[in-house]
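Dear colleague,

I am handing over the structure below, together with a short account of what was found in it. Please look through it before you read on.

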Amino acid sequence: MAVVQSSHRRFLSVPDAFKAVVTSKSAKQQGGDLGDALKYFTDKIEEIELKVVDSTEIVEFLVTKNDENLMHNYYLDTKTKRIRTAVVRCNFTDSETLMRSVEINCKKQKVDRIIVSSHATSVRPVLEELEQKNRHTIVVIEQLESMDVDVFNRLISLLSFYEELQVSLLVCLSTSRSVIVSHCSMDNMELLMLKFFPLASPQTQFDLIIAALTRNDDKKAPKLYLSGELLEYLKKRFLHGEFSVAELKKVVRRSIVQNFERADDYDDEQDDDFPDRLAIYWEWFDSLTALMIEALEKRDEKDKRLAELDIHSKLQKDTQAFWSDNEHVIGVRMYLLSQNREELCDILTAFAQVVNGHSPKDAQSLNDVVARLREEGVAAAAAAPATPAWPSPIPAVKKPTMAEFLSMNRAKHAAAAAAGNKLKEAVGTLMKMMRERLCSWKGHEYYLLCIPKGIEIPDLSRKLATQTDKHLSQAYSTLAGIDQFKPVSTARWGELLADRMDNGEFYDAVAQLQRMGVIKDVSKQGTKAVQLQMRPMHNVY
């Protein structure tokens, strides 16, 4: 496996050379060949990624011209143009997606862009390139934390000085917003018209991409579906390892190749009805998750995040354990058993309406259960002894004996138990139907994408600790040596590394460690500090 090193990330990369892997002409799959499958899944991920990381609003703000750009100079009694500046915090490694989105929107707005390297030592090349432009230009600062403070301030001063330039700034951060304040002087801050633009978190990005790949309900899509094990692997690799959509694409592509390689092994045991039955699966799955959410709300546990992808992943990984031990399934069962007859009938009726689209027979069975419950409720109400309407004055009523009282009490409990048993039977019928419809996908490997052989979840802490010649590793090891559980001042951390790297290299390492989730910003009251989130493995176990 090759090591990829760039200004954005350093991590182990899955090889992307797939052409030499599959040479068999018989490696065909229902719904298209290998090239079609690779292209579809890659395009699908990139399509969602561009929707999540959309720079349309950012570029529109940067190219807008109005009086808000002007600042009144009270000394000269004139108006000075302020530079429109968009500050974007990128919480994930693939900042290339943002750059690609900016490029697309610049073409739509008919403006140019210039990307300034974070390690630039002079602003002259930027000014020379701007002088050659004859239309509005967006100057992009890729990573402000790694940029020299003096260079950044000189750039702002000169851009403001040459008022004839049609220019705006896009500043990318990977840590706290306070970086723009610490890097920009007060005088230059007044020359900027700042606006902050948040981007989607890694969790949101991952959920949207995986939801589309998991359902895969496009009629033109290859009939390939992510297995529960692959889902769990992708989550660990993305959210606890790299935050890299590029690597996620490569793992999915390699899974597709592995599936095509083994296609001949599955031909004799493939189930042609499996893709058609998935519509029923997802219909029942959506109804189950809706019940789970309702049960959480009734128990006042709204703060618990119900991740539907996690529910599906656990269901597919171990179906038997899911139905017997999963806390959300137990919560649904307890919630249904706590309902009275009318409330349970309403829930079953709503459930039947949802699944009627692809499961009309199941919907009819649920409606029959509801009808039977309501008939029994009417019969029980009719059998209850009516209270006689005594004329006034009410005559004295004979007090029942102890034997009569106990007999009536037993009859009352027996009737309540019989009614409760009927409700339990109805709940049991619904849970049994869900277990049958929400079954395991194991045994249908012909259609499943599994974990590719030969790859593993990157152990970032071990890789960082063992690469002693890298600035990133040195910064990590030094921070772990200071304190692994409490906030550490950035100044103190930097002092210990001053003899091994300069200021720009240090802040570049800080930015990369934060993007990877190894550290988090805990600055308070103007004091910059970080806290270690991923401790060395020998301290964890």
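**An exposed glutamate and its surroundings**

E131 counts as exposed because its relative accessibility is 58%, where exposed means over 50%, buried under 20% and partly exposed in between (1.4 Å probe, protein chains only). E131 belongs to helix α4, which covers residues 124–131; helices (H or I, at least four residues) and strands (E, at least two) are DSSP runs, numbered from the N terminus. On the surface, E131 gathers with E128, E163 and E164 in a patch of negative charge, a patch being made of residues with over 30% relative accessible area and no salt bridge, with like charges joined within 9 Å. A salt bridge here is a side-chain nitrogen of Lys or Arg within 4 Å of a carboxyl oxygen of Asp or Glu.

This is a predicted model, in which local features need pLDDT of at least 70 and side-chain atom pairs count only at pLDDT 80 or more, while totals for chains, interfaces and linings use all residues. Residues are numbered from 1 along each chain as its sequence is written, and side-chain values use heavy atoms, with hydrogens and water left out.

Q531, in strand β14 (residues 529–532), counts as buried because its relative accessibility is 17%. Leaving aside residues up to four places away in sequence, Q531 touches F485, K486, P487, V518, I519, K520 and V522, contact meaning heavy atoms within 4.5 Å.

As for the whole protein, there are 23 helices and 14 strands, and 45% of the 541 residues count as buried.

Key: Patches are made of residues with over 30% relative accessible area and no salt bridge: like charges are joined within 9 Å, nonpolar side chains (Val, Leu, Ile, Met, Phe, Trp, Tyr) within 5 Å. Accessible areas come from the Shrake-Rupley method with a 1.4 Å probe; for residues, only the protein chains shown count as cover. Lys and Arg count as positive and Asp and Glu as negative; His and the chain ends are not counted. The place of a charge is taken as NZ of Lys, CZ of Arg, CG of Asp or CD of Glu.
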